[in-house]
Amino acid sequence: MEPEAKPKEDELLCENADKGDPESVCHTEGGNTTSQDSSISNGDDADDKQEMVDLKIIWNKIKYDLKIPVDSTGAKLKESIHSLTGLPPAMQKVMYKGLLPEDKTLREIRITNGAKIMVVGSTINDVLAVNTPKEVIQQEVKAEENKKEPLCRQKQHRKVLDKGKPDDIMPAVRGTKERLPTVPLSGMFNKSGGKVRLTFKLEQDQLWIGTKERTEKVPMGSIKNIVTEPIEGHEEYHMMAFQLGPTEASQYWVYWVPAQFVDAIKDTVLGKWQYF
């Protein structure tokens, strides 16, 4: 039974060692030794011993100070930037001598103390603001236009309208809608005060704008928009602009358009055909 008593002797030796020098050696069966350490890690020691690096984060013209372990990856850096700025990692483009890789550590990239890290990106709120639904934008534009002075009161149009209604203008009927006539719309004025006629060549998909000097043959598909407004005091007639290019500067104005044909002109030019 002597072999069973030996482990107890070993336990006694270890117990005596605990009461003495913290670095005392405990002998166990088989000649093995273990040392008793007086300090016990609480899990923070490893972090305290990591080499840190101080960085200057620059985003949206604002500078942030960041202290982070030099062995952190680019992905970890993005998480820290998120905590500072609120900018999600997926929305970040981090620059340090080029685009910073997410899978490499700051040590591997050779980032040192005081390094400036440039961050480009937009928050989710910024993105949502940019991607406002088209319908909302159109409503805001329309509301803004409603606040403006009526077109017929603006100086550039007033000088034409003040000439009065042309004597040979086609009769107009307010509050009705008619198809385009088979003959050109004539007797109207253009912006220079000259006479103009409109001919709708459906088989050629063209709008012919004729004056005394020449006739412009405009493809209907190239007309971007049509703007109309009733003429104050003569609401049975409209002033109408054909936008021939990408901006409002390309608008061709026609005055004294009979109101009953306004919708038919819009439908014909902008895509909804009128057949006869």
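Biologist: How many bridges join β11 to β12, and do they run parallel or antiparallel?

Modeller: Strands (E, at least two residues) and helices (H or I, at least four) are DSSP runs, numbered from the N terminus. Two strands pair if DSSP finds at least two bridges between them. Here 7 bridges join β11 to β12, and the two run antiparallel. Thr 228 stands opposite Met 240 in β12. The two strands form a hairpin with 2 residues between them, and Gly 233 in the turn has a positive phi of about 85°. This is a predicted model: local features need pLDDT of at least 70, side-chain atom pairs count only at pLDDT 80 or more, and totals for chains, interfaces and linings use all residues. Residues are numbered from 1 along each chain, and side-chain values use heavy atoms, without hydrogens and water.

Biologist: Which residues of α7 are buried?

Modeller: Buried means under 20% relative accessible area, with a 1.4 Å probe and protein chains only. In α7, Val 262, Ala 264, Ile 265, Thr 268 and Val 269 are buried. They lie on the same side of α7 because they cover an arc of only 160° around the axis, taken from the directions from the helix axis to the C-beta atoms. These buried residues pack against β7, β8, β11, β12 and β13, where contact means heavy atoms within 4.5 Å.

Biologist: Which residues have the most contacts inside the largest nonpolar core?

Modeller: A nonpolar core is a set of buried Ala, Val, Leu, Ile, Met, Phe, Trp, Tyr and Cys residues joined through side-chain atoms within 4.5 Å. The largest has 35 residues, and Leu 198, Phe 200, Phe 242 and Ile 265 have the most contacts inside it.

Technical notes
Buried < 20%, exposed > 50% of the residue type's maximum accessible area, 1.4 Å probe, protein only.
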